Amino acid sequence: MLTLVSGGSASGKSEFAESLVLSSKQEHRFYLATMIAFDEECKKRIARHRLMRAEKNFETIEVPTDLHTVTFLKNGSKIALLECMSNLVANEIFSPTASEYPDLQQIEEKILTGVRFLMQQCEEVVIVTNELFSDGIRYDSSTQSYLEVLAKVNQRIAALADKVFEVTAGIPICWKGEIS
């Protein structure tokens with residue numbers, strides 16, 4: 001089963017997504033973290049998050065790019081929480097290893113291949129993404145390209161998903177599927 005959870009900054013989407021994972025009956029919990037540690041502050045934040053997740057029996061896998069390469073070695077039922085798609089798309093487009101002129105369609109396909117690969121390996125996958133499209137601001141061309149890729153990826157994941165939620169002010173709204 002695939003679940004997409006979207007929402008604005010500080011909307012409660014991450015907490016809601018985590019609650020879905022914690023309420024799951026799956027044997028193994030994986031947290032796929034997409035943040036790149038660019039500086040000491042990021043490194044400290046990542047370390048703090050790893051400790052918090054470990055207390056909840058998550059095994060953290062750092063996957064800032066190349067989602068399609070993640071392989072789960074544990075036997076038994078698995079659930080994966082990917083936090084977050086917005087970072088993953090940005091990393092694929094803008095990371096130091098990315099091409100100066102990336103093929104955006106190829107990046108979109110690469111990410112979707114990774115999502116499908118996760119779905120083959122896990123009984124449940126929960127993906128968190130950001131809602132970045134309501135501000136009405138016109139951005140520079142590279143940021144606009146990023147937003148377009150993220151929008152397409154979000155739409156394609158939503159089409160694949162069994163459940164789609166939007167979280168606003170800590171309240172999940174179910175747009176597809178049912179709240180269980």
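# Exercises: salt bridges, a pocket and a helix

Arg50 is partly exposed, at 35% relative accessibility (buried is under 20% relative accessible area, exposed over 50%, partly exposed in between, with a 1.4 Å probe and protein chains only). This is a predicted model: local features need pLDDT of at least 70, side-chain atom pairs count only at pLDDT 80 or more, and totals for chains, interfaces and linings use all residues. Residues are numbered from 1 along each chain as its sequence is written, and side-chain values use heavy atoms, leaving out hydrogens and water.

**Exercise 1. Find the salt-bridge partner of Arg50 and say which elements the pair ties together.**

*Solution.* 
- Step 1: apply the cut-off. A salt bridge needs a side-chain nitrogen of Lys or Arg within 4 Å of a carboxyl oxygen of Asp or Glu.
- Step 2: find the partner. Glu62 meets Arg50 in a salt bridge, 3.2 Å from N to O.
- Step 3: Glu62 sits in strand β3 and Arg50 in helix α2, so the bridge ties together parts 12 residues apart in sequence. Helices (H or I, at least four residues) and strands (E, at least two) are DSSP runs, numbered from the N terminus.
- Step 4: Glu62 is partly exposed, with a relative accessible area of 32%.

**Exercise 2. Compare the salt bridges Lys56–Glu18 and Glu40–Lys43 by their places in the chain.**

*Solution.* 
- Step 1: Side chains of opposite charge can pair when their charged atoms come close.
- Step 2: take Lys56 and Glu18. Their salt bridge is 2.4 Å, N to O. The pair links distant parts of the chain, 38 residues apart: Lys56 is in the loop between α2 (40–55) and β3 (58–62), and Glu18 is in helix α1 (residues 13–22).
- Step 3: Lys56 is partly exposed at 33%, whereas Glu18 is buried at 16%.
- Step 4: take Glu40 and Lys43. This salt bridge is 3.6 Å, N to O. The two residues are three apart in helix α2, so about one helical turn separates them.
- Step 5: Glu40 is partly exposed at 49%, and so is Lys43 at 45%.
- Step 6: count. The whole structure holds eight salt bridges.

**Exercise 3. Describe the largest pocket: its volume, its lining and the element that gives the most residues.**

*Solution.* 
- Step 1: On a 1 Å grid over the protein atoms alone, where a 1.4 Å probe fits, a pocket is an open set of points with protein on both sides within 12 Å along at least five of seven lines; lining residues have an atom within 4 Å of a point.
- Step 2: give the volume. The largest pocket holds about 650 Å³ (the space filled by probe spheres set on the points, which are joined across faces, edges and corners).
- Step 3: list the residues closest to the centre. Among the 24 lining residues, these are Ser14, Tyr31, Arg45, His49 and Glu83.
- Step 4: name the elements. Those giving two or more residues are α1, β2 (28–33), α2 and β4 (78–83). The most come from α2, with five.
- Step 5: sort by class. The lining has eight nonpolar, eight polar and eight charged residues. Ala, Val, Leu, Ile, Met, Phe, Trp, Tyr, Cys and Pro count as nonpolar, Asp, Glu, Lys and Arg as charged, and the others, Gly among them, as polar.

**Exercise 4. Pick out the backbone features of Cys84, Asn57 and Asp66.**

*Solution.* 
- Step 1: check omega. Glu83 and Cys84 are joined by a cis peptide bond, with omega about -5°. Cys84 is in the loop between β4 and α3.
- Step 2: check phi of Asn57. The value is positive, near 65°, in a residue other than glycine. Asn57 is in the loop between α2 and β3 and is exposed at 60%.
- Step 3: check phi of Asp66. Here phi is about 60°, again positive without glycine. Asp66 is in the loop between β3 and β4 and is partly exposed at 28%.
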